[in-house]
Amino acid sequence: MIDEKGKVWGIINLIDFLLFLILLFGIVFIGVKMMQPNEIVQQKKEVTYSLYNSTEYAFIVNRIKKGDILRNQDNGDILGEVISVKTQPGKVITTKSDGTMTISQVPDKSSVIITLKTKAKVKGTDLEQGNIPLLRGAKVKIKGPSYSLETVINDVSS
């Protein structure tokens with residue numbers, strides 16, 4: 001199969017053939033990279049948004065401070081910096097035996113609105129912080145320096 005000159009079947013030198021294949025793969029690789037569209041440069045936009053929790057223990061709500069950096073509890077992405085915290089008595093919706101619904105206060109619990117400031121990614125007409133779309137109603141588990149809680153995006157303004 002390989003003769004005394006190192007040729008396969010007397011036609012092709014094996015080392016030359018391997019070098020040709022390496023060169024061919026290199027050209028194909030560069031060609032594929034050049035043909036791919038450039039990555040879309042993601043713009044960032046200054047955004048403020050608020051997170052809401054209707055009933056949380058007061059000892060947790062009292063730990064939330066202006067200037068805290070909040071992270072996504074699931075993956076650690078930064079969600080933004082706390083610029084304000086508003087608390088009110090905790091409230092829940094209860095249903096009476098006759099089927100009517102009322103809002104009741106919950107002792108020892110507070111509702112909280114946390115306003116954050118961040119630079120969100122602009123994706124078309126949508127805003128995104130980390131992997132979370134900044135849409136009203138989106139649930140977000142947050143983690144601060146010494147607390148964690150579940151919230152819902154209440155408002156988004158840019």
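**Surface patch, salt bridge and pocket**

The largest share of the nonpolar patch, six residues, is contributed by helix α1, which spans residues 14-35. Please bear in mind that this is a predicted model. The patch itself covers about 610 Å² of surface and is formed by I12, F17, L18, F20, L24, V28 and V32. Let me take one of these residues as an example. L24 is located in helix α1, and it counts as partly exposed because its relative accessibility is 38%, between the limits of 20% and 50%.

I turn now to charged contacts. How many salt bridges does a search of the whole structure find? The search returns one. It joins the side chains of D155 and R136, with an N to O distance of 2.4 Å. This pair links distant parts of the chain, 19 residues apart: D155 belongs to strand β10 (residues 148-157), while R136 sits in the loop between β8 (132-133) and β9 (139-143).

The largest pocket has a volume of about 160 Å³. Its lining consists of Y52, N53, S54, K139, V140, K141, E150, T151 and V152. Two or more lining residues come from each of β3 (43-57), β9 and β10. Sorted by class, the lining of the largest pocket holds three nonpolar, three polar and three charged residues.

Thank you for your attention.

Conventions
Residues are numbered from 1 along each chain as its sequence is written. This is a predicted model: local features need pLDDT of at least 70, side-chain atom pairs count only at pLDDT 80 or more; totals for chains, interfaces and linings use all residues. Side-chain values use heavy atoms; hydrogens and water are left out. Patches are made of residues with over 30% relative accessible area and no salt bridge: like charges are joined within 9 Å, nonpolar side chains (Val, Leu, Ile, Met, Phe, Trp, Tyr) within 5 Å. Accessible areas come from the Shrake-Rupley method with a 1.4 Å probe; for residues, only the protein chains shown count as cover. A salt bridge is a side-chain nitrogen of Lys or Arg within 4 Å of a carboxyl oxygen of Asp or Glu. Helices (H or I, at least four residues) and strands (E, at least two) are DSSP runs, numbered from the N terminus. Buried means under 20% relative accessible area, exposed over 50%, partly exposed in between (1.4 Å probe, protein chains only). On a 1 Å grid over the protein atoms alone, a cavity is a set of points where a 1.4 Å probe fits but cannot get out, and a pocket is an open set with protein on both sides within 12 Å along at least five of seven lines; lining residues have an atom within 4 Å of a point. Grid points are joined across faces, edges and corners, and a volume is the space filled by probe spheres set on the points. Ala, Val, Leu, Ile, Met, Phe, Trp, Tyr, Cys and Pro count as nonpolar, Asp, Glu, Lys and Arg as charged, and the others, Gly among them, as polar.
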